[in-house]
Amino acid sequence: MKYTIYLVLIFFVFSCSSKQENPSEIENEASSSSSEFELTKDQIDLAKIKLGKAEINVIQNYIECVGMVDVPPQNRATISAPLGGVVSVVNFYPGDYVKKGEALCRLQNELYIQLQSDYLNALNQVDFLQNEFNRKQKLFEANAISEKDFLNQKVVFNQEKIKVNALEEKLKWAGFNLNQIQENGIQPYLQISSPISGYITEVKVNLGKQVNQGETLYELIDNSHLHLELNVYQKDINAVKPKQVIEFKLPESDQIFFGEVYLVGQKIDPENRTINVHGHFEEKTDMLKTGSILQAKIITSSDSVLALPKTATFEENGKVYAFIENADHFEKIEISEGKSDEDFIEIIGNKEKNKNLNFVLEGVYYLKSGELESSHNH
Ligand SMILES: [Zn+2]
């Protein structure tokens, strides 16, 4: 570099005078900008000024939102007592894993015995009435009995069949195994089995507890399919489409996880003016638990553009500027700002020209303060 001592003097003259009093030689060089100035090599080193070109960078457009890790409703189960009873066996604790069909607890109640004995009796009765019906049908066909006699038998037989059906439904609904009752007789307890495979989240029973019909016994979650439920503001929702990348993190950590948009909801939450966006994880992780609150970004588009690092630019009165090296001095130029993200800012305009400019990438702050000084009056 060829910055010499006389430039130092000019710099100090420049910085101690108002713009109107600038030496004419500097005025002449300032063709496109009102602020140009020069530094010594030492000053450049001191300010750690680094030059470089604008480069093609991917700038992502995204919307920010918050959300939660959740499971679909079918992966969540509340197990309640189909019939009231006393808890006689309790299996599993919160956090335990159970397989579908495994016994969670047992209930006892006289009512169960009564129901099963009614059922077995009704079954016997149906057998008997079936034989009677067949016998009377033959007699009726041979005109040995009246039609009334035959029809009476038919009604009694059908009534008993209805009774058996009703008891069967009631027992099945309560969770009894009909075959087992028919083969092994009355079961002294009702076994409550898990309807899904998953983790126990709540156990609300203990030995000897009297539970009422419908009372919750256990709560379970199958987290084989954890997903994201994001709340996106109404104003942002049109930009959100399935398959877009979601970047998310837990508020207490810096670790970034990735997912993708799976479904965009259609209904606006009237309270928060948000719409639910359902996302899926890129890969499973144990760090994310059901109910975890998330901060997320949905990447709505990404473009390859000519861009500068944001640290190379600064704002003044709503306009964006950068410094370029022009021959042996620095020049402040206004940037036509395109898209931007956290790190980069797109520069639009004459791409070929912009590509060849030597931008000040580091040390902008130093130049800026020099420039400020140069333009205030003493
Ligand atoms: Zn899902």
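Let's start with a term: two residues are in contact if their C-beta atoms, placed from the backbone, lie within 7 Å. With that in hand, among contacts in the protein chain between residues at least 6 apart in sequence, 72% join residues at least 24 apart.

Quick housekeeping. This is a predicted model, where local features need pLDDT of at least 70, side-chain atom pairs count only at pLDDT 80 or more, and totals for chains, interfaces and linings use all residues. Residues are numbered from 1 along each chain as its sequence is written.

Okay, the overall inventory. The protein chain has eight helices and 22 strands; those are DSSP runs numbered from the N terminus, H or I of at least four residues for helices and E of at least two for strands. Of its 378 residues, 24% are buried. Buried means 20 or more other C-beta atoms within 10 Å of the residue's own, exposed means 12 or fewer, partly exposed is in between, and C-beta atoms are placed from the backbone.

Now the sheets. Strands of a sheet pair through backbone hydrogen bonds, either parallel or antiparallel. For us, two strands pair if DSSP finds at least two bridges between them.

Inside it, β5 (residues 85-90) pairs with β7 over four antiparallel bridges, and V90 has C105 in β7 as its bridge partner.

Another open sheet of four strands goes β4-β11-β9-β6, also antiparallel.

Which residues have the most contacts inside the largest one? They're L104, C105, L107, I192 and L217, in a core of 24 residues. β7 (103-108), α4 (110-141), β8 (190-193) and β11 each supply at least two of its residues, and α4 gives the largest share, five.

Take L107 up on the screen. Beyond its neighbours within four places in sequence, L107 is in contact with A81, G85, V86, V87, S88, Y189, L190, I192 and V211. Apart from this core lies another, of 18 residues, including L39, A307, F330 and F359.

Technical notes: A nonpolar core is a set of buried Ala, Val, Leu, Ile, Met, Phe, Trp, Tyr and Cys residues joined through C-beta atoms within 7 Å.
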